[in-house]
Amino acid sequence: MTLFQYDFMKYAFIAILIITPLFGILGTMIVNNKMAFFSDALGHSALTGIAVGVICGIGDTTLSMVIFGIAFALLLNWIKSKSTASTDTIISVFSSCCIAIGLAILSRGGNFSKYSSLLLGDVLSITKREIIYLLLIFSATIVFWFFCYNRLQAISLHRTLAKSRQFKIAGIENLFSVFIALVVMLSIKWVGILLINALLILPAASSRNISENVREYHLFSVIFSVFSGILGLVISYFTNMATGPMIVVIASVIFFATYFYGRNR
């Protein structure tokens, strides 16, 4: 098949098969907990993570993004628990502040052009080593989901009841936030800062439109995410368009189709 005659397409296809199920799995709980702004803020904070790495002389921008992303996620959770302001307001303030600081530092001397590719991402640039990183985070996420999903679901449904069951709410929420930060930061390079939140939210939102129980909710979310990723990669290859935006377009079409189907049903 001509699609896979090049190594970069093979690597991109493998990356899509790893990344998209993660988006589908985590997206369900992000949608349930109304954390769309949270994941969006994390994506924006990637620029600040890179800027911090540049200032500290860290050559690997992915490492600085991951470290800053985890710290940013935990800080947001801590401030949310202490502040009386609305969650959306807090997240919006921190998101705006982070992206402004990142842009200010990276644009110094007119050098932002070499970082502009991060806005849309390029899954075709992925390497074998980076695929291994994705496999590791995929495995860790599955283990976390297996042991903590019921607790996360209980917290999202009724915090007081979860607390009465002696669940460590803060610890579980922080751990979940760390996994979101890891997946977002490790995917930014290939998905893009402007698109990462859409790929986390759209498959889960589409699944919610037509699902009748929790199992269907997760299953359809993963299916829609993987389908959008594969079809977007194939279409972008033959049309010579950017892969990330094409995946989001497919995911958006699925969302509107399920929305109208769900309403009619």
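Which helices do the buried residues of H11 pack against? In this predicted model, the partners are helix H1 (7–32), helix H8 (169–191), helix H9 (196–210) and helix H10 (214–239). H11 itself covers residues 243–264 and has 22 residues. From its first C-alpha to its last, H11 reaches 32 Å, close to the 32 Å expected at 1.5 Å a residue. The buried residues of H11 are Thr243, Gly244, Met246, Ile247, Val248, Ile250, Ala251, Ile254 and Thr258.

H8 also packs with helix H6, residues 128–157. Two packed helices are described by the angle between their axes and the distance between the axes. The axes of H6 and H8 come within 10 Å. They cross at roughly 150 degrees. An angle over 145 degrees counts as roughly antiparallel, and H6 and H8 are therefore roughly antiparallel to each other. The crossing of H6 past H8 is left-handed.

Residues from both helices form this contact. On the H6 side they include Leu134, Ile137, Phe144, Trp145 and Arg151. On the H8 side, Ile172, Glu173, Phe176, Phe179 and Trp190 are among them. By class, the contact of H6 with H8 has 16 nonpolar, 1 polar and 4 charged residues.

A further position is Ser81, in helix H3 (residues 61–82). Ser81 has a relative accessible area of 55%. Exposed means over 50%, so Ser81 is exposed. Ser81 and Ala170 lie 89 residues apart along the chain. Their C-alpha atoms are separated by 8.8 Å.

Conventions. Residues numbered from 1 in each chain as written. Predicted model: local features only at pLDDT ≥ 70, side-chain atom pairs only at ≥ 80, totals over all residues. Heavy atoms only, no water. Helix = DSSP H or I, 4+ residues; strand = E, 2+ residues; numbered from the N terminus. Expected span 1.5 Å × (residues − 1). Buried < 20%, exposed > 50% of the residue type's maximum accessible area, 1.4 Å probe, protein only. Contact = heavy atoms within 4.5 Å. Axes fitted to C-alpha atoms, helices over the stretch in contact; angles between N-to-C directions. Parallel < 35°, antiparallel > 145°, perpendicular 65-115°, else oblique. Left-handed = near helix turned anticlockwise from the far one by under 90°. Nonpolar A, V, L, I, M, F, W, Y, C, P; charged D, E, K, R; others polar.
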